[in-house]
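I opened this model to go through its fold, its core, its charged pairs and its surface. The entries below follow the order in which I looked things up.

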Amino acid sequence: RPKPVEDEGSPDLMAALRESLAQTKRGKPGSGRDGASASAGDGELESVSKTELEERAREARINGRSKMSKSELIAALQG
């Protein structure tokens, strides 16, 4: 029975993903695609594009997001 081959030089993708998600949850600047904090306050979400709001809603698993307006996305993300 052959041993599984592990490349010691390959990155641990799951660890990288976990760290990225942890940074997003902590609201580190630059953690989002547009550099906005994932935990933006009321006024900050207004300056985020609808596309980015839809992405955040997808990550938050908010149902019906594709049919929501920008203001509805903001309310759903804050709630």
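What percentage of the residues of the protein count as buried? I find 22% of the 79 residues, where buried means under 20% relative accessible area, exposed over 50% and partly exposed in between (1.4 Å probe, protein chains only).

**Ground rules.** The model is predicted, and local features need pLDDT of at least 70, side-chain atom pairs count only at pLDDT 80 or more, and totals for chains, interfaces and linings use all residues. Residues are numbered from 1 along each chain as its sequence is written, and side-chain values use heavy atoms, with hydrogens and water left out.

**Confidence.** I looked up pLDDT, the predictor's confidence in each residue on a scale from 0 to 100. The protein averages 74, and 63% of the residues score at least 70. A contact here means heavy atoms within 4.5 Å. Where pLDDT is low, the predicted coordinates should not be read in detail, so I left that stretch alone.

**Fold.** I counted four helices and zero strands. These are DSSP runs numbered from the N terminus, with helices being H or I of at least four residues and strands E of at least two. Read from the N terminus, the order of elements is α-α-α-α. I also checked contacts with a separation of 6 or more: 17% of them join residues 24 or more positions apart.

**Core.** Which residues make up the largest nonpolar core? I list eight: Leu-45, Val-48, Leu-53, Ala-57, Ile-62, Met-68, Leu-73 and Ile-74. Helix H3 (50-59) and helix H4 (70-78) each contribute at least two residues to this core. The term covers buried Ala, Val, Leu, Ile, Met, Phe, Trp, Tyr and Cys residues joined through side-chain atoms within 4.5 Å. In soluble globular proteins, nonpolar side chains tend to be buried together. I then followed Ile-74: setting aside neighbours within four places in sequence, Ile-74 touches Leu-45, Glu-46 and Leu-53.

**Salt bridges.** How many salt bridges does a search of the whole structure find? I get three, taking a salt bridge as a side-chain nitrogen of Lys or Arg within 4 Å of a carboxyl oxygen of Asp or Glu.

- Glu-55 and Arg-58 pair at 2.6 Å, N to O. Both are in helix H3, three residues apart, about one turn of the helix. Glu-55 counts as buried at 18% relative accessibility, while Arg-58 is partly exposed at 43%.
- Glu-52 and Arg-56 pair at 3.2 Å, N to O. Four residues apart in helix H3, Glu-52 and Arg-56 are separated by about one helical turn. Both Glu-52 and Arg-56 are buried.
- Glu-54 and Lys-50 pair with their closest N and O atoms 4.0 Å apart. Glu-54 and Lys-50 are also four residues apart in helix H3, about one helical turn. Glu-54 is partly exposed at 28%, and Lys-50 is partly exposed at 35%.

**Loop between H3 and H4.** I looked at Arg-61, which lies in this loop. Its phi is near 60°, a positive value in a residue other than glycine. Is Arg-61 buried or exposed? Arg-61 counts as exposed, at 73% relative accessibility. Ser-69 is found in the loop between H3 and H4 too, and is partly exposed with a relative accessible area of 29%. I took the C-alpha distance from Ser-69 to Glu-54: 9.6 Å, for residues 15 apart in sequence.

**Surface.** The protein exposes about 6200 Å², and carbon and sulfur atoms supply 50% of it. The areas come from the Shrake-Rupley method with a 1.4 Å probe; for residues, only the protein chains shown count as cover. I found a nonpolar surface patch of about 280 Å² made by Met-14, Leu-17 and Leu-21. Patches are made of residues with over 30% relative accessible area and no salt bridge; like charges are joined within 9 Å, and nonpolar side chains (Val, Leu, Ile, Met, Phe, Trp, Tyr) within 5 Å. Leu-21 lies in helix H1, residues 13-26, and is partly exposed at 44% relative accessibility.
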